[in-house]
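Happy to walk through this one with you.

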Amino acid sequence: MICGSVTITTGTVTVGGYDVVKDYKKARSLVGLVPQEIALNPFITVIRAVEIARGLYGKPKDEVLTEKTLKMLSLWEKKDNRVQQLSGGMKRRVLIAKALMNEPKVLFLDEPTAGVDVDLRRDLWDSVRVLKENGTTIVLTTHYLEEAESMADRVGIINKGELTLVEEKSALMKRLGGKKLILHLVDTPKEIPQALKDFQVTFDREKNTLEYEYNPEGESEITALFNEVKDAGIVFHDMETQEQSLEDIFVELVKK
Amino acid sequence: MNWIGLKTLFMMEVGRTLAIPMQTILSPVISTMLYFVVFGSAIGGSVTLAGGVTYAQFIVPGLIMMALIINSLSASSSGIFFPKFMGTIYEILTAPLSYLEITIGYVFSAAVRAMAIGGIIYITALFFTPVPVAHPFIALGFSFLTAVTFALFGFLIGIWAENFEKLNIFPSLILTPLSFLGGVFYSLQMLPPFWQTVSLANPIVYMISGLRWSFFGVSDITPWTSFALICVFLSICSAILVWIFKTGYHLKP
């Protein structure tokens, strides 16, 4: 819609202050798009594909930029290969290279790592981080929340077609991301002591653990909890804390 | 105007033609020249028409026009169909190109390809028989106008077609028969009166007649009628294209 590949029915969108319908040429010249599907002309060479992409944006050939982009995406060695000779992962890199040849201020990456092996996924993440550091705004759609957690500054969650949340990732993690304290007990008590019930702790008799969920940003009651545990004569031999991931937060938000 | 974008699109399409010259240029030239050799030289060698025009000379404009029509249509229809089929159409739709620039890029590259084929057919025909052109600039202008019009028509077909069968319906089932029955190999005056009248419903008759007039100065139909008809057809195709771009029909969800 923003890039022009879908017809807009209602509403307005601006990119860099330019309306995507009224000033579509200026708006589109700021945007790069990496589609989800690998859509490439298989019969042309890699270098020709990226040169065409730049030309369509009305920009003259730039050999320095072409070399830099292809090298950043580890495509330089393959520049004279036809697209059909490349692996799936390499083709995805070509898609990214094409989007970058426009030197976009905003880059849309539509599930760039879907179906991509682990090595390539990490390479792509590194490339995205470089772009981010160079000042490109990246809009990444992904089903891999680990990816979003690792790279995003702001997170938006779309549920059933509606944007239900947009927030700074760190703020979101602080606000909704709880922590869990787990004490590995020597022996689980037969009954939960009354004093511990107020802390809403849970005991797992199979694992011999005591679990306590808390918000690290809230008022800490851990010291009080430890005192009550000691007073109840409960002995533990190990302890750990677990932090809620973005994925856990997402699952909770979507359930609501 | 995004001149660099337009040039890139135009050259992308020209590159597609030049990448497979056997299929895009040589094949249509050879098949058309076979008609010339069989009908013009072998069968019609002894036939002489009014005004001292030999049969071999008579069929040259018709063969050129048939090649122009079929090749401009197929070049532009495949030009837009394959990006749709492969999904690469997003690259065109998301570029800062206006609909007019996109249309010019596809249509003019197809028209140029068809003109090149027409030119090669004409030059090849000269090896068999002299073919003087009475009005060369009109011949070039009328050929280009027809090539552009049918390239635009092909562009519409390429957008409309959702599969290869639909893509080939017009060229193979409609255009080729109309071309053969449009007076490539005969003058309308050779037909009985009834079939002369029926033939006037065939738009290709007017295209061939127009080019034939520019070659020999005489034709079955006045050149102005041919020119007017091609302009009407061009206008209809343009109007449909404007509607397609407004609605995104078969291009955008």
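Here are a few questions on how the terms apply to this model.

This is a predicted model, in which local features need pLDDT of at least 70 and side-chain atom pairs count only at pLDDT 80 or more, while totals for chains, interfaces and linings use all residues. Residues are numbered from 1 along each chain as its sequence is written, and chains are lettered from A and ligands numbered from 1 in the order in which they are written.

Q: What makes A:L107 a contact of A:I138?
A: Two residues are in contact if their C-beta atoms, placed from the backbone, lie within 7 Å. Leaving aside neighbours within four places in sequence, the contacts of A:I138 include A:L107, A:L109 and A:V128.

Q: Where does A:I138 lie?
A: A:I138 belongs to strand β5 (residues 137-141) of chain A; strands are DSSP runs of E with at least two residues, and helices are runs of H or I with at least four, numbered from the N terminus.

Q: Which helix gives the largest share of the side of chain A that touches chain B?
A: In total, 23 residues of chain A are in contact with 20 residues of chain B. The largest share of chain A's side, 4 residues, comes from α2(A).
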